[in-house]
Amino acid sequence: MTNRDLNHIISLARLLHLASTIGLIFLPVAIGLTFVIGEAGIDDLRETYAELTLPEVIGTGSYLSILVIQSVGLLLTFYALWQMRGLFAYYKSGETLTARCAGQILRIGKALVAIGVIGILSNTLIVLILTWGNPAGQRVLSVSFTDGHVGFILAGGLIVVIGWVMREAALVAEENRGFI
């Protein structure tokens, strides 16, 4: 790798490190604001799932269960951003082909796959919880795959493979450094 290439990597990594840092700050602030302005209540659930026949009263337990389910995806997103920020920190310091970078890449890929899978499962569970109080025959089990879920799973899988390759490349590079 030339010094010019490394300088480009460092410059871009600085920008991406800043962007991921902003994302880590913005995510909890945006979630907090959603609750403060009242956009995360039961009425919003009714609006989001308007195509379903929902019971007259959605209980507090059901609502809290839905919040817990939704928080899993948010925590995974936060984790992926945290891992990205760590990778960009390595890159901006000039560290590129190391086992630490490969480990970060692997964790990012696994988090993205998990975000896609959790997205599918969480919507399924939320619909089931929302319609559980309906009379028999009006309960709904809905499994949906969106292009976003599939995209996260495929992109995450790609990044996992890249992480494995990077880990092997880092091992070879370390062995070569030992010979020099």
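Twelve nonpolar, 11 polar and two charged residues make up the lining of the largest pocket, when sorted by class. The model described here is predicted.

**Overall form**

- Read from the N terminus on, the elements of the protein chain follow the order α-α-α-α-α.
- The radius of gyration of the protein chain is 21 Å, whereas a compact globule of 180 residues would have one near 16 Å.
- The C-alpha trace of the protein chain spans about 75 × 30 × 25 Å along its principal axes.

**Helix contacts**

Two packed helices are described by the angle between their axes and the distance between the axes.

*α1 with α3*

- Helix α1 covers residues 3–36 and helix α3 covers residues 60–92; the two pack at an angle of about 160°, and their axes are 8 Å apart.
- Because angles over 145 degrees count as roughly antiparallel, α1 is roughly antiparallel to α3.
- The crossing in which α1 passes α3 is left-handed.
- The contact of α1 with α3 comprises, by class, 19 nonpolar, five polar and three charged residues.

*α3 with α4*

- The axes of α3 and α4 cross at roughly 165° and come within 9 Å.
- That angle makes α3 roughly antiparallel to α4.
- A left-handed crossing is found for α3 and α4.
- By class, 22 nonpolar, nine polar and two charged residues form the contact of α3 with α4.

*α4 with α5*

- Helix α5 consists of residues 147–179, and its axis and that of α4 come within 7 Å, crossing at roughly 160°.
- It follows from this angle that α4 is roughly antiparallel to α5.
- α4 and α5 have a left-handed crossing.
- In the contact of α4 with α5 there are, by class, 18 nonpolar, seven polar and two charged residues.

**Largest pocket**

Rolling a probe the size of a water molecule over the atoms shows where empty space is left.

- The volume of the largest pocket is about 570 Å³.
- Its lining consists of 25 residues.
- I66, L67, Q70, S71 and L74 are the lining residues that lie nearest the centre of the largest pocket.
- Two or more residues of the lining of the largest pocket are given by each of α1, α2 (42–48), α3 and α4 (99–131).
- α3 supplies eight residues, the largest share of the lining of the largest pocket.

**Points to carry forward**

- Helix α3 takes part in a contact with α1 and in a contact with α4, and α3 also gives the largest share of the lining of the largest pocket.
- Helix α4 has contacts with α3 and with α5, and α4 is among the elements that give two or more residues to the lining of the largest pocket.

How values were computed
Residues are numbered from 1 along each chain as its sequence is written. This is a predicted model: local features need pLDDT of at least 70, side-chain atom pairs count only at pLDDT 80 or more; totals for chains, interfaces and linings use all residues. Side-chain values use heavy atoms; hydrogens and water are left out. Axes are lines fitted to C-alpha atoms, for helices over the stretch in contact, and angles run from 0 to 180 degrees between N-to-C directions. Helices (H or I, at least four residues) and strands (E, at least two) are DSSP runs, numbered from the N terminus. Angles under 35 degrees count as roughly parallel, over 145 as roughly antiparallel, 65 to 115 as roughly perpendicular and the rest as oblique. A crossing is left-handed if the near helix is turned anticlockwise from the far one by less than a right angle, and right-handed if clockwise. Ala, Val, Leu, Ile, Met, Phe, Trp, Tyr, Cys and Pro count as nonpolar, Asp, Glu, Lys and Arg as charged, and the others, Gly among them, as polar. On a 1 Å grid over the protein atoms alone, a cavity is a set of points where a 1.4 Å probe fits but cannot get out, and a pocket is an open set with protein on both sides within 12 Å along at least five of seven lines; lining residues have an atom within 4 Å of a point. Grid points are joined across faces, edges and corners, and a volume is the space filled by probe spheres set on the points. The radius of gyration is taken over C-alpha atoms; the globule rule is 2.2 Å times the number of residues to the power 0.38.
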